[in-house]
Amino acid sequence: MRTLVHDARLVAPMDDARSRYPGGYVLIEDDRVVAVGPPPGPPGLSADRRIDATGKVVLPGLVNTHHHLFQNLTRAVPAAQDASLFGWLKTLYPIWAQLQPEHIRVSTLAGLAELAISGCTTSSDHLYLFPNGARLDDEIAAAREIGVRFH
């Protein structure tokens, strides 16, 4: 499938040449960017889908290299809010010890959705707790649901 993002206020591919294309376009085939450039785009360009980016800035997706997605479920625990590091850990580890595979999945869905909304298209996670049968596969399944790249 070919998707053409066109008429952007600005396309900034973030390349070594620091290219900027006011009114530019991005051509995507399946899940790969295959062409980026200034208007009007290559003559005779065909696309299965067209996205009018008028007034929008088009940038490459952001990459998040450090996360603990399961912690999304406990970020608002009052006793941990203003605690020192060790107070925070002492408060939250007993809660984390009760997490189930579905909690890992749901926290991953929520965390990756938040990242996607902010422009992140690739993330990694530091899942270091595997309580009650939780597995890395629970996170991988959730990442596939959201549609971000996950490492």
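At 2% relative accessibility, S123 counts as buried (buried is under 20% relative accessible area, exposed over 50%, partly exposed in between, with a 1.4 Å probe and protein chains only). This is a predicted model, where local features need pLDDT of at least 70 and side-chain atom pairs count only at pLDDT 80 or more, while totals for chains, interfaces and linings use all residues. Residues are numbered from 1 along each chain as its sequence is written, and side-chain values use heavy atoms, with hydrogens and water left out.

S123 sits in strand β8, residues 120–123; helices (H or I, at least four residues) and strands (E, at least two) are DSSP runs numbered from the N terminus. Setting aside residues up to four places away in sequence, S123 touches N64, L112, L115, R149, F150 and H151, with contact meaning heavy atoms within 4.5 Å. With N64 there is also a side-chain to side-chain polar contact of 3.1 Å. For that term, read a pair of N or O atoms within 3.5 Å; within protein, one must be able to donate a hydrogen and the other to accept it, and residues adjacent in sequence count only if both atoms are side-chain atoms. H67 is 56 residues from S123 in sequence, yet the C-alpha to C-alpha distance is 7.9 Å.

Now for S124, which is in the loop between β8 and α3. S124 is buried too, with a relative accessible area of 15%. A polar atom of the S124 side chain lies 2.9 Å from the backbone oxygen of T65. Leaving out residues up to four places away in sequence, S124 touches N64, T65, H66, H67, F150 and H151.

Which residues make up the largest nonpolar core? There are 10 of them: F70, V77, A80, L92, W96, L99, I104, L127, L129 and A134. Here a nonpolar core is a set of buried Ala, Val, Leu, Ile, Met, Phe, Trp, Tyr and Cys residues joined through side-chain atoms within 4.5 Å. In soluble globular proteins, nonpolar side chains tend to be buried together. Take A80 from that set: not counting residues up to four places away in sequence, A80 touches W88, T91 and L92.

T108 lies in helix α2 and is buried, with a relative accessible area of 0%. Beyond its neighbours within four places in sequence, T108 is in contact with L69, E139, A142 and A143.

## Salt bridges

How many salt bridges does a search of the whole structure find? The count is six, where the criterion is a side-chain nitrogen of Lys or Arg within 4 Å of a carboxyl oxygen of Asp or Glu. In one of them, the side chains of R105 and E145 meet at 3.3 Å, N to O. R105 lies in helix α2 (residues 101–117) and E145 in helix α3 (residues 136–146), so the pair ties together parts that are 40 residues apart in sequence. Both ends are partly exposed: R105 at 25% and E145 at 47%. E102 joins R105 and E145 in a network of salt bridges.

R135 has two partners to look at. With D137, the closest N and O atoms are 3.1 Å apart; with D138, they are 3.8 Å apart. R135 is partly exposed at 44% relative accessibility, and D137 is partly exposed at 41%, whereas D138 counts as buried at 12%.

M14, V57 and L59 make a nonpolar surface patch of about 310 Å². Patches are made of residues with over 30% relative accessible area and no salt bridge; like charges are joined within 9 Å, and nonpolar side chains (Val, Leu, Ile, Met, Phe, Trp, Tyr) within 5 Å. The accessible areas come from the Shrake-Rupley method with a 1.4 Å probe; for residues, only the protein chains shown count as cover. M14 is in the loop between β2 (10–11) and β3 (25–29), and is exposed at 54%.

Most residues other than glycine have a negative phi, and most peptide bonds are trans. Against that background, the peptide bond from P39 to P40 is cis, with omega near 5°. P40 lies in the loop between β4 (32–37) and β5 (49–52).

Two aspartates have positive phi values. D7, in the loop between β1 (2–6) and β2, has phi near 60° and is partly exposed at 43%. D30, in the loop between β3 and β4, has phi near 55° and counts as exposed at 60%.
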